[in-house]
Amino acid sequence: MAAKAGMTMAERILARAAGRARVKPGEFVTAKVDLVMANDAQFPQSCKALEDIGLKKVFDPDRIVVVIDHWVPANTPMVAEMHRGIRAQVKELGIRHFYDAGVGIEHKVIPEKGHALPGQLIVGSDSHSTTYGALGAASTGIGLTELAYVMYTGKLWFQVPPTIRFNLTGRLARGVSPKDLMLALLARHTTQVAQYKSVEFGGPAAAAMDMEGRLTLANISSEMGAKFSMFAADATTLAYLHARTEAPVHAFGPEDDAEYEAVHGIDCSTVEPQVAAPHKPDNVKNVSEFASVRVDQAFIGSCTNAHAGDLQRAAAIMKGRKVAAGTRFLVIPASHEVMVEAMKNGSLAVLVEAGAMVGTPGCGPCAGGSTGVLGPGETGIASTNRNFKGRGGSTESFLYLASPETVAASAIEGRIADPRKYLPGGMQ
Amino acid sequence: MSLVVRGRAWKFGDDINTDYMAPGFVKNQPWELVKKAILHVHPGFTAGFRPGDVIVAGENFGCGSSREAAPANLKRLEVGCVVAESFGRIFLRNSIAIAFPVLICKGISRAFEEGEQLELDFDRSLVKNLTRGTELAGTPLPPELVRIVAAGGMMQLLKQEAAAAAR
């Protein structure tokens with residue numbers, strides 16, 4: 001090993017945040033966080049945990065963003081009361097960056113509103129907080145007690161993770177999208193490949209990928225066990241952020257001679273539409289293996305795959321077609337901004353005309369919180385991230401995970417279908 | 001501090017996710033209902049679990065959602081500890097934060113059959129199979145984290161820190 005190997009993105013960020021010149025994998029550090037994301041799933045209990053020990057302030061109200069998204073709009077009086085509590089709580093604590101029900105899913109809203117920046121250390125009260133790594137941040141999920149601790153102190157312990165790198169080459173074929181790429185990686189490397197580790201995506205296909213694709217990959221890296229999942233912040237990142245924040249933003253990446261625990265490569269052009277069968281995200285095969293599986297519900301939504309481009313590609317497949325009789329088609333845009341864009345570019349009209357039910361921007365039934373859950377014996381296909389038994393409804397239901405394109409094609413046929421045959425101009 | 005846990009082992013495989021410990025479908029339901037849903041993927045666990053029993057698991061125990069209700073439910077059910085080949089990282093953090101004893105221990109799955117008696121010496125990261133008379137060393141937690149558990153969790157630690165800062 002070289003005496004002075006360079007640092008990966010995770011190491012650079014943790015070293016800075018811990019006030020150190022350099023850090024090495026395995027070391028424990030106490031680091032100052034740049035941003036804290038809190039949601040309706042944990043923020044109220046965290047506030048209560050602080051109050052229980054007599055504390056009623058936060059380290060920096062401007063570094064905390066609160067989003068209501070897991071149960072929107074409120075579906076029970078208890079949830080409505082909990083949401084009321086959050087509105088009062090953020091006012092009392094002086095938290096200005098508060099996004100109420102309907103603005104969207106936290107992992108879409110935080111990037112959209114320009115809160116997550118390259119080189120930052122971010123924690124969020126949700127496992128998919130890895131998403132902000134799409135912007136070059138080291139971002140990860142925590143629970144409610146740690147959320148309470150970090151909201152008060154602004155710091156938290158971290159073990160410096162080793163980094164594994166995925167070099168992406170080639171181009172995804174038409175009808176194949178970043179979700180398929182991640183499912184293919186899960187099929188090869190399993191849900192444990194990035195356990196306690198940081199992931200960096202690099203190579204020409206990562207550099208060429210748009211921000212929505214990066215958000216999808218960084219998001220669902222959580223299913224690989226990733227602590228962080230990052231793309232270098234480049235021209236694409238800066239262009240995305242310049243439209244969304246006044247804060248100074250700079251390119252950020254690993255040092256040239258950074259040391260990786262492992263480097264894996266994948267040629268994107270070889271990836272076919274992928275489907276994860278119940279009840280694990282790495283239970284993955286090519287879509288053709290599932291052609292006989294009938295679906296009661298097809299759902300495009302969640303923090304993983306409900307971007308404007310996702311809806312647009314789904315609409316291109318649905319255009320002039322109808323949802324199969326006996327199948328329900330549910331579409332929940334990731335945010336209000338996405339919904340407006342989908343209205344303006346016509347994709348929402350196509351989806352609704354095809355027979356889609358459209359829901360309020362938010363998490364929807366992904367974690368079983370809002371309407372659209374599956375009943376006993378039912379089978380669903382969704383563009384979401386987890387197909388654990390009972391997560392999105394009954395423990396006797398079956399959920400398949402796929403790209404928005406595959407979900408759309410499956411809605412048309414009422415069974416799991418290859419989206420490529422519905423592409424405008426055919427499979428070529 | 002000296003934390004020693006003894007109990008009868010329930011065995012779980014790989015990738016037991018937090019949805020299975022705190023299912024969405026019993027969120028905000030009375031504890032009596034929640035209790036019956038915890039680790040519903042193991043036939044017999046709900047009916048057979050006795051307070052003080054412990055869990056022996058494979059790789060990636062507690063993967064998935066960040067919900068702290070997962071270890072908190074196990075703690076409230078009075079699961080003595082979880083010893084696993086490896087943990088989902090947020091579950092591990094959450095367990096430490098609420099002072100619920102967990103230990104990473106390679107080879108643990110093969111070292112126990114369901115129903116055998118386990119003893120965990122948390123401070124020394126040692127696991128004994130009392131039924132077989134065998135012993136296995138786990139991965140020691142660093143002193144920073146042992147300190148959190150010894151304090152009774154992160155909120156207790158914060159209470160101490162805030163009090164010290166106020167003096």
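Two strands pair if DSSP finds at least two bridges between them. I take helices (H or I, at least four residues) and strands (E, at least two) as DSSP runs, numbered from the N terminus.

**Entry 1: ground rules.** I am working on a predicted model, where local features need pLDDT of at least 70, side-chain atom pairs count only at pLDDT 80 or more, and totals for chains, interfaces and linings use all residues. Residues are numbered from 1 along each chain as its sequence is written, and chains are lettered from A and ligands numbered from 1 in the order in which they are written.

**Entry 2: β17 and β18 of chain A.** I looked up strand β17 (residues 379-382) of chain A and found that β17 and β18(A) pair in the parallel sense over four bridges. In this pairing A:Ala382 stands opposite A:Leu401. I then checked the faces of β18 (residues 398-401) of chain A: A:Phe398 and A:Tyr400 are buried on one side, and A:Leu399 and A:Leu401 are buried on the other. Buried here stands for 20 or more other C-beta atoms within 10 Å of the residue's own, with C-beta atoms placed from the backbone.

**Entry 3: the largest nonpolar core.** A nonpolar core is a set of buried Ala, Val, Leu, Ile, Met, Phe, Trp, Tyr and Cys residues joined through C-beta atoms within 7 Å. The largest has 189 residues, and A:Leu14, A:Leu351, A:Val407, B:Val82 and B:Val83 touch the most other members. Helix α5 (residues 144-153) of chain A gives the most to this core, seven residues. Both domain 1 (9-266) and domain 2 (275-421) of chain A supply at least three residues each.

Entry 4: The domain bounds come from an automatic or database domain assignment. I read the C-alpha centres of domain 1 and domain 2 of chain A as 24 Å apart. In chain A, 33 residues of domain 1 are in contact with 32 residues of domain 2; contact requires C-beta atoms, placed from the backbone, within 7 Å. On the domain 1 side, α4 (106-112), α6 (178-189) and α8 (211-220) of chain A each supply at least two residues.

**Entry 5: the sheet of chain B.** I listed seven strands in an open, mixed sheet of chain B, in the order β4-β3-β2-β1-β5-β6-β7. Its edge strands are β4 (102-104) and β7 (134-137) of chain B, each pairing on one side only. Within chain B, β5 (residues 117-121) and β6 (residues 126-129) pair in the antiparallel sense over four bridges, and B:Leu120 stands opposite B:Val127 in β6(B).

How values were computed
Two residues are in contact if their C-beta atoms, placed from the backbone, lie within 7 Å. A residue is buried if 20 or more other C-beta atoms lie within 10 Å of its own, exposed if 12 or fewer, and partly exposed in between; C-beta atoms are placed from the backbone.
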